[in-house]
Amino acid sequence: MTTPLATEEEEYELVRQYILFGILFQAVMVDWSRLQLVPLKLSYQAMIDGAFQELSRWAERQQQQMRRLLQQRGCTVVRARREGHVYMVHYQQRGYVREARYTIEMLQAECQQLIDWWMRNQQRGEKRA
């Protein structure tokens, strides 16, 4: 049987992952648009576009999956925003609004880890093909 504390911790982790994948998706889209402005000596655009499209789709799918899991547990993110060096998240869990705080530096580091993981898995897939 799952204890209430374990359920709250699991939901907190799902909220963190939901926020993390949302930030990753947004960062990828911003970086991709910035790369469109940089003139290159050779044409890498198709390769860059393909990688950014796949990564953004993956991050978006993961965020949607986290949202569905949260909804199944009766948990919804009410508000999420950056306040200085902290990312503030308010989410509703079983009728109570809770607050979670994440440091921007930690979220950036975790996003980088997700990108590294995604790239390693992409390379493994290419080697199998």
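**Helix, sheet and aromatic pairs in a predicted model**

Mentor: In this predicted model, β1 and strand β2 (residues 86-93) pair in the antiparallel sense over eight bridges.

Trainee: Which residue is the bridge partner of Arg82 in β2?

Mentor: Strands of a sheet pair through backbone hydrogen bonds, either parallel or antiparallel. Here β1 and β2 take the antiparallel form. Across this pairing, the partner of Arg82 in β2 is Tyr87.

Trainee: Which strands stand at the edges of the sheet?

Mentor: The sheet is open and has three strands, in the order β1-β2-β3 with antiparallel pairing. A strand with a single partner has one side left without a neighbour in the sheet, so the strands at the edges are β1 (75-83) and β3.

Trainee: What does the twist average from one strand to the next?

Mentor: The order β1-β2-β3 sets which strands follow one another. From one strand to the next, the twist averages 20°.

Trainee: How far apart are the end C-alpha atoms of helix α2?

Mentor: Helix α2 covers residues 45-72, which is 28 residues. At 1.5 Å a residue, a span of 40 Å should result. The model agrees with this, because the end C-alpha atoms are apart by 40 Å.

Trainee: Is Gln63 buried or exposed?

Mentor: Gln63 lies in helix α2, where the buried residues include Phe52, Trp58, Ala59 and Met66. Leaving aside neighbours within four places in sequence, Gln63 is in contact with Tyr18, Phe21 and Gly22. Buried means under 20% relative accessible area. Gln63 has 14% relative accessibility and therefore counts as buried.

Trainee: Which residue takes a positive phi just after α2?

Mentor: Helix α2 comprises residues 45-72. Just after α2, a positive phi of about 75° is taken by Gly74.

Trainee: How many aromatic pairs does the structure hold, and which residues form one aromatic cluster?

Mentor: The structure holds four aromatic pairs. One of the pairs is formed by Tyr12 and Tyr102, at 6.0 Å centre to centre with 35° between the planes, and is tilted. This pair links distant parts of the chain, with Tyr12 in helix α1 (residues 4-35) and Tyr102 in strand β3 (residues 96-103), 90 residues apart. One aromatic cluster is formed by Phe21, Trp58 and Trp117.

Notes: Residues numbered from 1 in each chain as written. Predicted model: local features only at pLDDT ≥ 70, side-chain atom pairs only at ≥ 80, totals over all residues. Heavy atoms only, no water. Helix = DSSP H or I, 4+ residues; strand = E, 2+ residues; numbered from the N terminus. Expected span 1.5 Å × (residues − 1). Buried < 20%, exposed > 50% of the residue type's maximum accessible area, 1.4 Å probe, protein only. Contact = heavy atoms within 4.5 Å. Phe/Tyr/Trp six-rings, centres within 6.5 Å; stacked < 30°, edge-to-face > 60°. Pairing = 2+ DSSP bridges. Axes fitted to C-alpha atoms, helices over the stretch in contact; angles between N-to-C directions.
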